[in-house]
Amino acid sequence: MNTRCAYPRPQMVREQWQNLNGTWQFCFDDHNNGIEKKWYLGKEDFEHEIRVPFVYQCGLSGISDTGNHEIVWYKRNFKANRKREERILLHFGAVDYQAMVFLNGMLVCEHEGGHTSFSTDITDYLTEGEQILVVRVCDPLEDELIPRGKQIWEDSPRGIWYTGTTGIWQTVWLETVNQKHISGIKFTSLFDDGKENICCDLEGTTGEDCLQYTISFKEKLVCEGTVKCYGGRIDLDADIIQNHIFRTNFHDHGWSWSPEKPNLFDVVFTLRDAEGNIVDYVSSYFGFRKVHTENGRVYLNNKPYYQRLVLDQGYWPDSLMTAPDDDAFRRDIGLAKEMGFNGCRKHQKTEDPIFLYWADRLGYLVWGECASAIMYDPKAVKRLMTEWTEIVDRDYNHPSIITWVPLNESWGIPYIHQNPVQQHFSQAMYHFLHAIDNTRLVISNDGWEMTETDICAIHNYAHGQKEESKKFEYYQEMLSSIERLVSFPSTSWDIYARGFEHKDSPVILTEFGGIGFELSGEDAWGYTAVENEQEFLEDYERVMDAVFASTGLCGYCYTQLTDVEQEMNGLLTYDRKPKCDLASIRAINKKFHRGVIGTCEMFPKD
């Protein structure tokens with residue numbers, strides 16, 4: 001049974017595709033002799049079966065082995081029917097961590113990076129009849145320079161570290177394309193000009209071929225055009241206002257994207273050859289929006305916007321980092337919005353594009369993050385920059401993503417406070433992400449010890465228990481104003497690294513709360529603890545009152561959406577059952593209907 005059947009790349013959809021999820025042969029290679037024994041030829045049966053895209057550590061894989069196996073192998077057969085002028089592309093959503101892909105005994109590609117997608121053209125490796133696909137995955141646990149995020153490197157999870165993930169954990173699929181086809185699409189909103197920049201990369205085309213595009217909004221044509229395919233790339237600005245409405249009223253007529261009005265434009269691309277034949281047909285979409293900072297505030301579509309975020313680890317009890325089914329992402333977003341949140345910070349994980357599709361469609365802000373390495377080393381720097389390049393390439397078009405978070409709590413940069421080399425790395429990531437994506441905000445080191453940053457992102461769980469009045473008074477004082485927020489140490493760490501200081505960046509409390517409720521088992525924990533639902537609601541309101549009373553904050557991110565394994569500080573249990581009445585959480589989140597930062601609306605009309 002395959003519970004992950006949705007089209008895996010919703011930003012660039014074609015009709016001809018084949019899902020390769022489902023039952024594969026599988027084996028462990030604990031002695032690392034699979035290459036020597038030529039398992040890549042696919043002549044031997046592997047001893048286990050596994051349900052792709054679920055990793056062997058989880059229940060839904062059918063194996064549920066939580067032991068450490070650094071090298072694993074996969075195998076399956078498939079049929080690939082194609083016409084002479086067609087090409088077959090093989091796509092992997094994500095494989096953790098190093099993948100070698102063999103087809104019919106030949107190495108067709110290698111990829112390093114546990115959270116990003118990769119593809120290869122397998123046409124020239126196809127044979128008559130059934131094809132034999134073999135994948136070898138290596139996830140070296142002793143390598144501290146791998147961006148591992150929240151995955152434990154030991155035998156069992158503990159503290160804030162969760163069960164590890166090894167192998168294929170997102171959809172594997174085939175796609176049939178013409179030799180002439182669209183290989184990439186990039187949308188950039190020129191918001192103040194009322195235009196959308198569209199950039200298409202093309203394969204195999206000549207100046208005799210042409211690309212037609214149509215842009216529609218709620219099934220009404222907005223604009224269309226035809227462009228000659230010179231140079232393998234098309235770059236154009238589409239005027240999406242034209243004569244449909246007055247330019248002065250454009251942004252108030254509900255065409256822009258926001259959590260309250262997640263409006264999307266539908267786009268169809270038709271590639272034609274010199275004779276007018278259709279050789280490629282792709283559907284896509286974009287959201288027309290702008291994000292920037294000004295005068296200490298975050299602006300969405302040129303209006304101050306108060307962010308009510310929740311920390312989301314993106315784990316499930318039976319499937320770990322892989323969503324158990326295609327609807328799981330929509331359910332998580334729906335529950336968060338039901339509680340009054342307008343977005344999330346995806347923590348130490350680059351999420352599946354299906355999640356981002358639902359965030360775009362339902363109206364849900366996303367702070368995109370990447371798994372961190374534990375130690376600093378030039379090799380770790382190169383790995384992280386490569387992974388971020390692939391993240392931005394894949395997820396650039398999603399309007400829901402408004403912030404990139406390349407570093408978190410000095411993970412992988414433990415001496416950044418005084419070490420100029422690690423400070424340079426933080427600054428380099430900040431400028432690098434801006435260089436390849438000027439449509440989003442970038443945080444240099446979320447939590448503390450920041451360098452250059454678009455948002456001053458502070459972590460502080462020091463609110464204490466209800467009876468710890470002195471501790472809470474200190475917490476309230478820390479939150480009370482911008483001056484105190486940026487000068488009070490965040491527990492043991494300064495807010496800015498040595499040599500850096502706060503300028504006019506908006507201040508957001510990006511981790512706090514973490515109230516433990518329904519603590520079960522000796523390893524279970526939260527940052528504070530309560531005994532029942534009533535105490536939980538009272539403590540949540542106590543902490544949120546301090547946040548809303550702040551004259552310095554222009555947003556927050558509460559820890560966290562769900563419990564994860566031994567970490568029992570979620571608003572929902574690990575299997576997504578509410579711990580209390582969600583309407584009560586929403587009422588607390590909406591207790592103050594207007595922000596204290598100028599005209600910043602905390603709760604625009606939905």
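## Terms and confidence

Helices and strands are DSSP runs, numbered from the N terminus. In these terms, Ser-64 lies in the loop between β3 (48-52) and β4 (71-78).

The structure described here is a predicted model. The mean pLDDT of the protein is 93, and 95% of its residues reach 70 or more. Over residues 245-249, however, the pLDDT is below 50, and this stretch has five contacts in the model beyond near neighbours in sequence. Residues 593-603 also have a pLDDT under 50, yet the model gives them 33 contacts beyond four places in sequence.

Strands of a sheet pair through backbone hydrogen bonds, either parallel or antiparallel. In this model, an open sheet is formed by four strands in the order β1-β12-β5-β9, with antiparallel pairing.

Strand β5 (residues 86-92) pairs with β9 in the antiparallel sense over four bridges. Phe-92 has Phe-118 in β9 as its bridge partner.

## Asn-263, a residue in a loop

Asn-263 is found in the loop between β17 (233-239) and β18 (265-272). Is Asn-263 buried or exposed? Its relative accessibility is 9%, and because buried means under 20%, Asn-263 counts as buried.

Leaving aside residues up to four places away in sequence, Asn-263 touches Phe-217, Lys-218, Gly-254, Trp-255, Ser-256, Trp-257, Phe-286 and Gly-287.

Tyr-496 is found in the loop between α6 (482-487) and β29 (507-511). Tyr-496 has a relative accessibility of 8% and therefore counts as buried.

Beyond residues up to four places away in sequence, Tyr-496 touches His-417, Glu-449, Met-450, Thr-451, Thr-453, Cys-456, Glu-501 and His-502. One of these, Cys-456, is 40 residues from Tyr-496 along the chain, and the C-alpha atoms of the two are separated by 8.8 Å. Which residue joins its side chain to that of Tyr-496 in a polar contact of 2.8 Å? The partner is His-502.

## Exceptions in the backbone

Most residues other than glycine have a negative phi, and most peptide bonds are trans. Several places in this model depart from these patterns. The peptide bond from Asp-96 to Tyr-97 is cis, with omega near 20°. Tyr-97 lies in the loop between β6 (95-96) and β7 (98-103). A cis peptide bond also runs from Thr-559 to Gln-560, with omega near 5°; Gln-560 lies in the loop between β32 (553-558) and α8 (582-589).

Positive phi values occur as well. Ser-64 is not a glycine, but has a positive phi of about 55°. At 45% relative accessibility, Ser-64 counts as partly exposed. Glu-565, which is likewise not a glycine, has a positive phi of about 50° and lies in the loop between β32 and α8.

How values were computed
Residues numbered from 1 in each chain as written. Predicted model: local features only at pLDDT ≥ 70, side-chain atom pairs only at ≥ 80, totals over all residues. Heavy atoms only, no water. Helix = DSSP H or I, 4+ residues; strand = E, 2+ residues; numbered from the N terminus. Buried < 20%, exposed > 50% of the residue type's maximum accessible area, 1.4 Å probe, protein only. Contact = heavy atoms within 4.5 Å. pLDDT = per-residue confidence, 0-100. Pairing = 2+ DSSP bridges. Polar contact = N/O pair within 3.5 Å; in protein donor to acceptor, adjacent residues only side chain to side chain.
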